[in-house]
Amino acid sequence: MSKNSFHNLDQLKVLNLEINSIVEIEQDSFDSLRSSHQISLNNNKIRRLPINLFKNCSSLNNIFLSKNLFKNPKDALDFGLDLKDDNVLDKISRIDLSYNLIDSFEGFTFKCPNVDILLLENNKIKNITTN
């Protein structure tokens with residue numbers, strides 16, 4: 001998916017790209033989606049999302065990433081250390097990472113303080129530890 005795919009859709013509220021064969025999404029592909037409150041990438045073949053992919057999605061509440069090939073939550077939700085707009089992270093309330101290949105949370109901390117629904121069922125998680 002190229003970075004200009006959604007260039008003129010700055011009023012788009014919901015982006016549903018479920019059940020495709022998406023393998024890769026380019027950096028900045030969602031930069032124009034400032035009004036989107038939901039992005040669904042369920043049931044694709046994505047292994048890793050670019051760092052800061054959602055950085056301009058200032059209205060984003062829900063991220064659906066189930067049934068992909070993520071092995072670590074960082075592969076899906078690496079918001080990067082250079083993300084300055086905390087408001088983007090503050091609005092996210094639901095994250096679905098179910099039905100992936102996640103086996104560990106090592107080296108990952110959720111940076112979304114207002115998440116009230118986090119779906120992780122049917123992964124390969126063996127241990128949950130505290131550091």
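What share of the 131 residues in the protein chain is buried? Buried residues make up 40% of them, where buried means under 20% relative accessible area, exposed means over 50%, and partly exposed lies in between (1.4 Å probe, protein chains only). The model is predicted: local features need pLDDT of at least 70, side-chain atom pairs count only at pLDDT 80 or more, and totals for chains, interfaces and linings use all residues. Residues are numbered from 1 along each chain as its sequence is written, and side-chain values use heavy atoms, with hydrogens and water left out.

**Fold and overall dimensions**

- Two helices and five strands make up the elements of the protein chain; helices (H or I, at least four residues) and strands (E, at least two) are DSSP runs, numbered from the N terminus.
- Read from the N terminus, their order is β-β-β-α-α-β-β.
- The radius of gyration is 14 Å, close to the 14 Å that the globule rule gives for 131 residues, so the protein chain is as compact as a globular protein of that length.
- That radius is taken over C-alpha atoms, and the globule rule is 2.2 Å times the number of residues to the power 0.38.
- Along the principal axes, the C-alpha atoms fill a box of roughly 45 × 30 × 25 Å.

**Contacts and surface**

- Of the contacts with a separation of 6 or more, 59% are between residues 24 or more positions apart; contact means heavy atoms within 4.5 Å.
- The accessible surface of the protein chain is about 7400 Å², and carbon and sulfur atoms hold 46% of it.
- Accessible areas come from the Shrake-Rupley method with a 1.4 Å probe; for residues, only the protein chains shown count as cover.

**Aromatic rings**

- The whole structure contains two aromatic pairs.
- One of them is Phe6 with Phe30, a tilted pair with 6.0 Å centre to centre and 50° between the planes.
- Phe6 sits in the segment before strand E1 (14-16) and Phe30 in the loop between E1 and strand E2 (38-40), so the definition of strands as DSSP runs places them in distant parts of the chain, 24 residues apart.
- Rings of Phe, Tyr and Trp (its six-membered ring) pair if their centres lie within 6.5 Å; planes under 30 degrees apart count as stacked, over 60 as edge-to-face and the rest as tilted.
- Phe6 and Phe30 are both buried.
- Ring pairs join Phe6, Phe30 and Phe54 in a cluster.
- Lys67 lies over the face of Tyr99, 5.3 Å from the ring centre; a charge sits over a ring if NZ of Lys or CZ of Arg is within 6 Å of the ring centre and within 35 degrees of the ring normal.

**Salt bridges**

- There are three salt bridges in the structure, each a side-chain nitrogen of Lys or Arg within 4 Å of a carboxyl oxygen of Asp or Glu.
- Asp28 and Lys55 form one of them, at 2.8 Å from N to O.
- Asp28 is in the loop between E1 and E2, and Lys55 is in the loop between E2 and strand E3 (62-64), 27 residues apart.
- Lys55 also meets Asp31, at 4.0 Å from N to O.
- Asp28 is partly exposed at 24% relative accessible area, Lys55 is partly exposed at 26%, and Asp31 is buried at 19%.
- Arg48 and Asp75 meet at 3.0 Å from N to O.
- Arg48 lies in the loop between E2 and E3 and Asp75 in helix H1 (residues 73-77), so this pair ties together parts 27 residues apart in sequence.
- Arg48 is partly exposed at 40% relative accessible area, whereas Asp75 is buried at 18%.
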